[in-house]
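Reader: I'm new to reading protein models. Could you walk me through a few features?
Author: Gladly; let's look together.

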Amino acid sequence: MATTVRRTVLTLPAAPVGPANPLPALRPLDEMHSLDERAKEELPREMARQIGYEPLRTLLPVRVLDGYGRERTQTDLDAIVIENERLRATVLPGLGGRIHSLHHKPTGRELLYRNPVFQPADFALNGAWFSGGIEWNIGATGHTTLSCAPLHAALVPAPDGGRMVRLWEWERLRDLPFQVDLWLPADSEFLHVGVRIRNPHERPAPVYWWSNIAVEEHGTTRVLAPADEAWHFGYERSLRRVPVPEFEGEDRTYPLRSEYPADYFYEVPAEARKWIASLDAAGKGLVQTSTDVLRGRKLFLWGSGRGGRRWQRWLTEPGSTGYAEIQAGLARTQLEHLRLDGGEEFSWLESYGPLDADPETVHGEDWGAARAEVETRLSEALPRAAVDAAYEAWRPYADTEPTDWLATGSGWGALEVLRERHKLPGTPFAASTLGEEQAPWQELLMTGVFPAPRRVAPPGPSLVAQHWRDMLETAPADPLTEYHLGIAQWQAGDLAQAVRSWERGLELAPSRWPLLRCLAVADQEGGNAVRAAERYAEAFDDLCEERRDDGESWTAATAALGREAIAALLAVRRTVEARAVWSRLRPAVQQRGRFRLIDAQLLIAEGRTDEARAVFEAGFEVADLREGTEILDEVWSALTDEPLPDAYDYRMRPQRPRAS
């Protein structure tokens with residue numbers, strides 16, 4: 001059977017991603033994978049340098065996705081199927097190019113954890129993310145902002161004369177184009193994945209990449225990699241070197257033998273073949289291997305504790321199999337970023353396929369023998385030299401122009417190509433993809449003037465790169481231009497100048513609330529909580545007077561600004577004003593789980609603890625509960641000394657004793 005590529009529709013119970021949060025993401029990132037400065041002192045020099053290399057301050061210019069809920073309906077998702085007589089790969093181009101399924105046809109086995117639902121949750125850098133399959137993480141520490149975004153997809157010639165699927169986009173956090181080529185040779189049991197990240201600029205850029213592979217998790221599932229040590233990260237924001245496989249009295253290569261969620265970044269020797277495998281009780285499962293550029297390997301486990309199990313149920317549906325993640329990255333850990341010089345690129349090839357090893361050896365007490373058994377079986381199935389040869393065969397095809405288009409991504413890459421005239425063979429960003437969000441920026445580029453909006457609506461997305469900042473500085477200084485300029489200056493670290501731009505814009509602005517909200521955030525970051533609360537209250541009043549309807553964009557703006565305003569007012573004990581904001585939210589917004597929790601916080605501040613407890617007893621689900629957050633425990637602890645109910649237990653680390 002020759003390899004075939006076809007488009008299809010995958011129907012799943014799915015919750016809509018919802019609208020983007022219209023408030024610019026000015027605040028520092030709330031990313032769990034971060035270390036304090038003292039923790040870096042004991043790390044190897046290269047690792048410490050790469051951990052400190054240009055971490056993100058904010059998400060700008062990307063917007064937060066927090067408008068999803070928990071109600072799922074049968075939904076059609078566009079999919080691409082790549083198939084030969086051995087494997088069938090199902091890809092979701094509209095959801096970050098995720099490989100949803102990798103099915104081994106001779107045995108009927110699914111090699112991945114295939115989530116039976118699509119349920120967004122707050123795990124990506126910008127919010128919405130979903131579990132399962134193989135995801136491509138680029139940008140910065142954390143799950144990519146493209147998790148729930150469309151990628152461009154098209155067919156290109158494959159090295160063996162067939163066809164391969166190319167996925168590509170413009171990654172906006174680092175301003176870099178990338179591509180993922182999926183190639184399944186006609187007689188192969190391994191899916192090859194060629195990846196290329198290019199830096200078309202003159203300046204160097206920090207680069208991050210991890211391929212995350214969700215695999216089914218059973219009590220006998222074992223994860224193996226060519227390492228005797230690992231770097232353990234356990235959500236206490238510490239990184240320490242630990243032995244593999246046994247650590248603190250348990251074999252941690254079995255995901256369910258840990259109580260709490262944790263990362264294990266394996267210390268793979270430089271000369272060793274790069275691979276990672278997840279095998280079941282019978283020694284069967286998935287193996288991933290690559291060329292040596294992709295040096296890092298990692299196991300993420302949820303553990304057997306209440307919090308980890310609760311997260312597993314939250315991300316899928318009751319009764320489905322749990323999962324762990326085996327991962328591969330450019331650096332040793334996910335806390336690091338690599339330098340990519342201007343005009344240069346990173347490229348490598350990964351291979352994914354089935355593995356069948358001797359179960360007694362794989363699950364035996366001799367770790368060295370278990371690793372050797374996997375490596376031997378991998379060498380028989382796919383020799384190291386064959387992976388290197390496949391990379392060399394793929395590399396000349398990376399520049400081949402796509403032919404038949406399968407899916408369309410965003411217009412941001414087209415805008416950057418229009419501005420800079422980048423030559424990017426193999427990854428065209430066509431002018432036809434420019435859309436409504438890019439239109440005002442295209443006009444600024446062409447005329448030097450940022451256009452006034454054609455209708456009253458929340459401001460569109462901001463761009464913050466230096467070249468756009470320079471254009472905004474020379475454009476006529478109307479209020480909307482000052483708004484966007486201030487955001488670009490804020491991202492550049494020029495906070496004082498950002499405040500001056502917003503204050504200038506405020507003087508003549510017909511729409512004051514976007515500027516007041518930016519100034520309120522600046523007040524918070526500057527330690528002026530009282531003035532921040534006052535500006536938030538004024539901004540919310542102005543928004544309520546200006547909003548035109550109950551449409552998606554106005555509802556999203558009201559919910560986002562109301563949430564921030566209530567928090568700012570409660571922080572300075574202006575409870576009456578905070579309740580006034582709550583009362584002006586739409587009833588449908590008040591009933592969301594996030595706002596039921598806010599109501600409980602308000603009731604506690606008002607001294608109405610019995611009513612606050614009744615909110616918990618009635619039950620609610622915070623759809624955008626952030627990975628690692630302990631807000632539910634904190635609010636519950638303000639009500640009672642009783643243990644946190646299981647339904648609200650998402651804690652990812654051991655709990656410290658409560659202060660008496």
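Author: A search of the whole structure finds 0 disulfides, a disulfide being a pair of cysteine sulfur atoms within 2.5 Å. This is a predicted model, where local features need pLDDT of at least 70 and side-chain atom pairs count only at pLDDT 80 or more, while totals for chains, interfaces and linings use all residues. Residues are numbered from 1 along each chain as its sequence is written, and side-chain values use heavy atoms, leaving out hydrogens and water.

Reader: Is Cys-518 buried or exposed?
Author: Buried means under 20% relative accessible area, exposed over 50%, and partly exposed in between, using a 1.4 Å probe and protein chains only. Cys-518 has a relative accessible area of 0%, so this residue is buried. Cys-148 counts as buried because its relative accessibility is 11%.

Reader: How many residues of helix H7 are buried?
Author: Helices are DSSP runs of H or I with at least four residues, strands are runs of E with at least two, and both are numbered from the N terminus. In H7 (residues 412–420), 8 of the 9 residues are buried, among them Trp-412, Glu-416 and Arg-419. Their cover includes strand S10 (163–171), helix H8 (439–447) and helix H9 (466–474). Just after H7, Arg-421 has a positive phi of about 60°.

Reader: How do I read the angle between H10 and H12?
Author: Axes are lines fitted to C-alpha atoms, for helices over the stretch in contact, and angles run from 0 to 180 degrees between N-to-C directions. Under 35 degrees counts as roughly parallel, over 145 as roughly antiparallel, 65 to 115 as roughly perpendicular, and the rest as oblique. Here the axes of H10 (residues 479–491) and H12 (residues 513–525) come within 10 Å and cross at roughly 25°, which means that H10 is roughly parallel to H12.

Reader: Which residues make the contact?
Author: Contact means heavy atoms within 4.5 Å. H10 brings Pro-479, Tyr-483, Ile-487 and Trp-490, while the residues from H12 include Cys-518 and Glu-525.

Reader: At what angle do H15 and H17 pack?
Author: Helix H15 (residues 575–583) and helix H17 (residues 593–605) pack at about 155°, with axes 10 Å apart, so they are roughly antiparallel to each other. Among the residues that meet are Trp-582 in H15 and Phe-595 in H17.
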